[in-house]
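Please look at the sequence and the structure shown here before reading on.

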2 protein chains.
Amino acid sequence: MTINEGSPAAQPIDFIDRSLYEPAYVQLANILRRQIAEGLFRPGDQLPSEAQLCRRYGVSPMTVRRSINLLVDQDVVSTAQGRGTFVKALELSQASFDLQELQELFKPGAGTDIRLLDVRIVPADAATAHRLNLKVGENTIYIRRLLSKNEEPIFYHREYLIYDPKLPIVEAEMDVTALQGLFANVDNALLKRGELTVMATLLTEDEAKILHTILPSAAFCLEHIFFDFDDRPISVGWFICRADRIHFTTKVGLDQ
Amino acid sequence: MTINEGSPAAQPIDFIDRSLYEPAYVQLANILRRQIAEGLFRPGDQLPSEAQLCRRYGVSPMTVRRSINLLVDQDVVSTAQGRGTFVKALELSQASFDLQELQELFKPGAGTDIRLLDVRIVPADAATAHRLNLKVGENTIYIRRLLSKNEEPIFYHREYLIYDPKLPIVEAEMDVTALQGLFANVDNALLKRGELTVMATLLTEDEAKILHTILPSAAFCLEHIFFDFDDRPISVGWFICRADRIHFTTKVGLDQ
DNA sequence: AAGTGGTCTAGACCACTAT
DNA sequence: TAGTGGTCTAGACCACTTT
């Protein structure tokens, strides 16, 4: 036994190292997150007050707040004005999936090939006209593309663009590299916002042929509509991907 | 013409109203977001420096920083130390989908019914044993549930739980209301983290029968594995939902 | 009344980038 | 060197909750 063994929980072994490059508020957030992960604080428990954390770790109130806010953003804790800060229980509903896996497929690299299958001027049908805010029969540009990795088809993309020669985006979109632009940080400065929908579908006969598989096959379908800065719809389209070629993964709760 | 019409862009009509309940940093973030949405700043453009914003809107540096950080979190702008703050272009890859639509289905309400189809003790097969860190043949609890809305089957859920009478979660999970708990904020304080995977699949014959549809049918499959605070896997399971019953929607870029 | 989180100030110092 | 974002302080005041 040593002198320092008395009430170890009251005197935390964690401390903030001001000589590190890591900011104090990040260090404190990590300390608290680790204490929660280790079970020192359990879901529902109240964390020490901000004033206590200030004293205990020798930082100013604003720095403690930044740490707490980090943990709030990460859904680790929740705050209640006048009551305190509490550890949150795991919530499945707060899980979120991003398109990172999808972006990987678009990364230009060895074996990646985006092929233009078809570009045509076609009159808008009722559904397309409605989405693009056109009259039925007005011209649209219909583009079909295929993305392959190592000669193997992965993604089929169909898209309708408004037909307006004044808009430079038309030229840009017809460039097959434009697809990568949507997934990287390229020149789509004309688009203000977009609406995305993910569906599970059965491949049609045509789609199965293009994607080199057999029926019946399940697929992911990502529908997208983009708007310019005047809130005019510019394009509507669908990414179609064989279900056995992609899935989406995420984590909830405390990592490690 | 009036006197005040000279150089309207230099003297912003926007201001921060200190009498409002809305915090100054939120007001400033909204002002900047609106200016971007209106095209005053375009993707790639540099925003006024933080010092300029301090003077222009009469707030302290920390308040300006909070506003900018809000916009960074919303992927509206990005900051570069020593260079400035810049408006981001739309990026499809940064879109994220959450399970809010799914949670709606689980909300206990009129017509919502979660029925326990089956509970059995079964020995773990190779795949399940591996995921639950058991030996092949060790006992697991196999649970099948069906969620319906207005007599119509929506969700089919299969789950394997580790068989450990000491763990209270076993009792909790066997309660049919536990499913809602995962999607609400109920008593799952024993779970530290989870891994989720969304796939598109074809329904099996059994699944199609349970979900009252015909083959072939596409479906979403959400696989989940949960771990306790000792990082032991507690359960592995799958939510299976007819594709025509759900889809996931999200937005990217600037709303309105 | 006491304690809690929430906002905000008016600076300071630092790290980085451009010129 | 000047300008930029990034961190941090040591308080102040407020709103809210609990006792």
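This is a predicted model: local features need pLDDT of at least 70, side-chain atom pairs count only at pLDDT 80 or more; totals for chains, interfaces and linings use all residues.

Residues are numbered from 1 along each chain as its sequence is written, while chains are lettered from A and ligands numbered from 1 in the order in which they are written.

At the interface, 50 residues of chain A are in contact with 50 residues of chain B; contact requires that the C-beta atoms of two residues, placed from the backbone, lie within 7 Å. Strand E7 (191-202) of chain A is one of the elements that give two or more residues to this side, and E7(A) gives the most, with 12 residues. Helices (H or I, at least four residues) and strands (E, at least two) are DSSP runs, numbered from the N terminus. On the side of chain A that touches chain B there are 26 nonpolar, 16 polar and 8 charged residues. Here Ala, Val, Leu, Ile, Met, Phe, Trp, Tyr, Cys and Pro count as nonpolar, Asp, Glu, Lys and Arg as charged, and the others, Gly among them, as polar.

E7(A) also pairs with strand E10 (residues 248-253) of chain B, in the antiparallel sense over 6 bridges; pairing requires that DSSP finds at least two bridges between two strands. Within E10(B), B:Lys251 is the bridge partner of A:Glu195.

Around DNA strand C there are 22 residues, and A:Ser49, B:Ala24, B:Ser60, B:Thr63 and B:Gly82 come nearest. A residue is near a strand if its C-beta atom, placed from the backbone, lies within 6 Å of it. DNA strand D is likewise surrounded by 22 residues, the closest being A:Ala24, A:Ser60, A:Gly82, B:Ser49 and B:Gly82.

The largest nonpolar core has 75 residues, and B:Phe220 is one of those with the most contacts inside it. Such a core is a set of buried Ala, Val, Leu, Ile, Met, Phe, Trp, Tyr and Cys residues joined through C-beta atoms within 7 Å, where buried means that 20 or more other C-beta atoms lie within 10 Å of a residue's own, with C-beta atoms placed from the backbone. Not counting residues up to four places away in sequence, B:Phe220 touches residues including A:Ala200 and B:Cys241.

Key: A residue is buried if 20 or more other C-beta atoms lie within 10 Å of its own, exposed if 12 or fewer, and partly exposed in between; C-beta atoms are placed from the backbone.
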